[in-house]
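I would ask you to look at the sequence and the model together before we go through the fold step by step.

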Amino acid sequence: MIGLKVTDLSFHYPDRTQVLNGINFQIEPGERVGLLGPNGAGKTTLLLHLNGLLRAAEGTIQVGDLTLSDEVLSEVRRMVGFVFQDPDDQLFMATVAEDVAFGPRNFGFGQAEVDRRVESALEAVGESDLAPRAPHHLSGGERRKVAIATVLSTDSALLVLDEPTSNLDPAGRRELVNLLASLPATLLVVSHDLPFVLELCPRSLIIDQGRIVADGETRQLLLDRELLAKHRLELPYGFDPANIADR
């Protein structure tokens, strides 16, 4: 497990539209942290900086002992596993095994090591039997778990997930909570599913207009109705964070 430190991170589009404004936060190794905020707040833009898919105009990103730069970009990308909102953005090979093997193969591992990593990653998500299946024949929950296996196969120690519960039924959502809680990895989870974040992440950040506006215990943030309303966050009708037991 590794930690993450973001310092004074700012980013703007070529038309000078400012998206991130001096972002600062730190996540300790093994922490599970939610990232909450309204649409357009900068959540996904922030995530795309963490493994160099976007590059900041100002500020630094430290992953473990490495400060993100061109010289260490490939190593950081191996350490930071990005799980996209739509699993179909990650699953494009003929079989599940080929999808999970894609990362290790491109990092230059030999076939025996690739096979070992595929087996280990699928076992970690509880889907070893899916190896020969075509990804487009899987259920939404199965595709989500295979997408997570594709980053576990590269030994990613920091998992970054963008709206992981989207399009999942209640059973698939429950399986995902249990899976993510069991992984020996640091997690940063973007989600509008506030009960999911409460159950999985003891701590959360709220981002709005490109700034971190709150950082604290998830339960306490969700109990602050004024804070939620100010930043266009809303709990499901009748849901009371005070009644949810700690995991």
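In what order do the six strands of the open sheet follow one another? The order is E6-E7-E8-E3-E9-E10, and the pairing is mixed. Please bear in mind throughout that this is a predicted model.

Let us stay with that sheet. At its edges stand strand E6, residues 80–83, and strand E10, residues 211–217. Each has a single partner strand, so one side of each is left without a neighbour in the sheet. On average, and ignoring direction, neighbouring strands of this sheet are turned by 20° against each other.

In general, strands of a sheet pair through backbone hydrogen bonds, either parallel or antiparallel.

I turn now to the antiparallel pairings of strand E1. Strand E1, residues 4–12, pairs with strand E2, residues 18–27, over six bridges in the antiparallel sense. Phenylalanine 11 finds its bridge partner in leucine 20 of E2. E1 and E2 form a hairpin with five residues between them, and arginine 16 in the turn has a positive phi of about 75°. E1 is also paired in the antiparallel sense with strand E4, residues 58–63, over five bridges. There, serine 10 stands opposite glutamate 58 in E4.

The helices come next. Helix H5, residues 140–152, lies across E6 and E7 and runs at about 160° to E6.

Which residues of helix H3 meet H5? They are Val96, Asp99 and Val100, and their counterparts in H5 are Val146, Ala149 and Thr150. As for the geometry, the axes of H3, residues 96–106, and H5 come within 7 Å and cross at roughly 30°. The crossing of H3 past H5 is right-handed.

The buried residues of H3 are Val96, Asp99, Val100, Ala101, Gly103 and Pro104. These buried residues pack against helix H4, residues 111–124, as well as against H5. An α-helix has 3.6 residues a turn, so residues three or four places apart point the same way. Finally, just after H3, glycine 108 takes a positive phi of about 95°.

Thank you for your attention.

Methods. Residues are numbered from 1 along each chain as its sequence is written. This is a predicted model: local features need pLDDT of at least 70, side-chain atom pairs count only at pLDDT 80 or more; totals for chains, interfaces and linings use all residues. Side-chain values use heavy atoms; hydrogens and water are left out. Two strands pair if DSSP finds at least two bridges between them. Helices (H or I, at least four residues) and strands (E, at least two) are DSSP runs, numbered from the N terminus. Axes are lines fitted to C-alpha atoms, for helices over the stretch in contact, and angles run from 0 to 180 degrees between N-to-C directions. Contact means heavy atoms within 4.5 Å. A crossing is left-handed if the near helix is turned anticlockwise from the far one by less than a right angle, and right-handed if clockwise. Buried means under 20% relative accessible area, exposed over 50%, partly exposed in between (1.4 Å probe, protein chains only).
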